[in-house]
Amino acid sequence: RSLAFDIVLRTEGEDAVPLEIPELKDLALAVQRLERSAALGRKREQEMRAAFAEEAETAARKQGISPNAAAAIREALTTAPE
């Protein structure tokens with residue numbers, strides 16, 4: 001992130017320096033890696049939420065909660081907070 005920030009700062013303002021090919025390549029790779037990492041994190045979070053929701057729903061049904069209430073619990077647990 002700091003590399004991307006430094007490069008972008010150098011291309012703006014009075015003292016702007018044009019990007020060179022190696023810098024542009026490094027910036028593109030950095031952004032790509034950041035995006036991939038963020039996507040992987042979101043995917044892992046969704047998988048964990050789904051597994052936890054499944055366990056919670058199963059436990060709730062064993063305790064005698066209605067199927068509708070168990071489904072509502074599952075929905076609440078699988079929905080990511082905003």
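The model is predicted, and the mean pLDDT of the protein is 84, with 98% of its residues reaching 70 or more. The secondary structure comes to three helices and zero strands, so the order along the sequence reads α-α-α. The radius of gyration is 23 Å, whereas a compact globule of 82 residues would have a value near 12 Å.

**Overall shape and surface**

- Taken along the principal axes, the C-alpha atoms of the protein fill a box of roughly 70 × 20 × 15 Å.
- Of the 82 residues of the protein, 12% count as buried, and the chain exposes about 6700 Å², of which carbon and sulfur atoms supply 57%.
- Among the contacts in the protein with a separation of 6 or more, 34% are accounted for by residues 24 or more positions apart.

**Confidence**

- Where pLDDT is low, the predicted coordinates should not be read in detail.

**Helix 2**

- Helix 2 covers residues 21-62, a run of 42 residues, and reaches 62 Å from its first C-alpha to its last, which is close to the 62 Å expected at 1.5 Å a residue.
- The buried residues of helix 2 are Glu23, Leu27 and Ala30, together with Ala53, Ala56, Glu57 and Ala60.
- These buried residues of helix 2 pack against helix 1, which spans residues 2-10, and against helix 3, which spans residues 67-78.
- After helix 2 comes Gly64, a residue whose phi is positive, near 95°.

**Glu57, a buried acidic residue**

- Glu57 lies in helix 2, and it counts as buried because its relative accessibility is 12%, under the 20% cut-off for that class.
- The side chain of Glu57 makes a polar contact with the side chain of Arg74, at 3.0 Å.
- Leaving aside residues up to four places away in sequence, Glu57 touches Ala70, Ala71 and Arg74.

**Pairs that are apart in sequence**

- Glu47 is found in helix 2, and it counts as partly exposed because its relative accessibility is 47%, a value that falls between the 20% and 50% cut-offs.
- Glu47 and Thr78 are 31 residues apart in sequence, while their C-alpha atoms are 9.0 Å apart in space.
- Ala76 lies in helix 3, and it counts as exposed because its relative accessibility is 54%, over the 50% cut-off.
- Ala76 and Ala53 are 23 residues apart in sequence and 8.4 Å apart in space, C-alpha to C-alpha; Ala53 is one of the buried residues of helix 2, whereas Ala76 counts as exposed.

Key: Residues numbered from 1 in each chain as written. Predicted model: local features only at pLDDT ≥ 70, side-chain atom pairs only at ≥ 80, totals over all residues. Heavy atoms only, no water. Helix = DSSP H or I, 4+ residues; strand = E, 2+ residues; numbered from the N terminus. Expected span 1.5 Å × (residues − 1). Buried < 20%, exposed > 50% of the residue type's maximum accessible area, 1.4 Å probe, protein only. Contact = heavy atoms within 4.5 Å. Polar contact = N/O pair within 3.5 Å; in protein donor to acceptor, adjacent residues only side chain to side chain. Rg over C-alpha atoms; globule rule 2.2 N^0.38 Å. Areas by Shrake-Rupley, 256 points an atom, 1.4 Å probe, with all protein chains shown as cover. pLDDT = per-residue confidence, 0-100.
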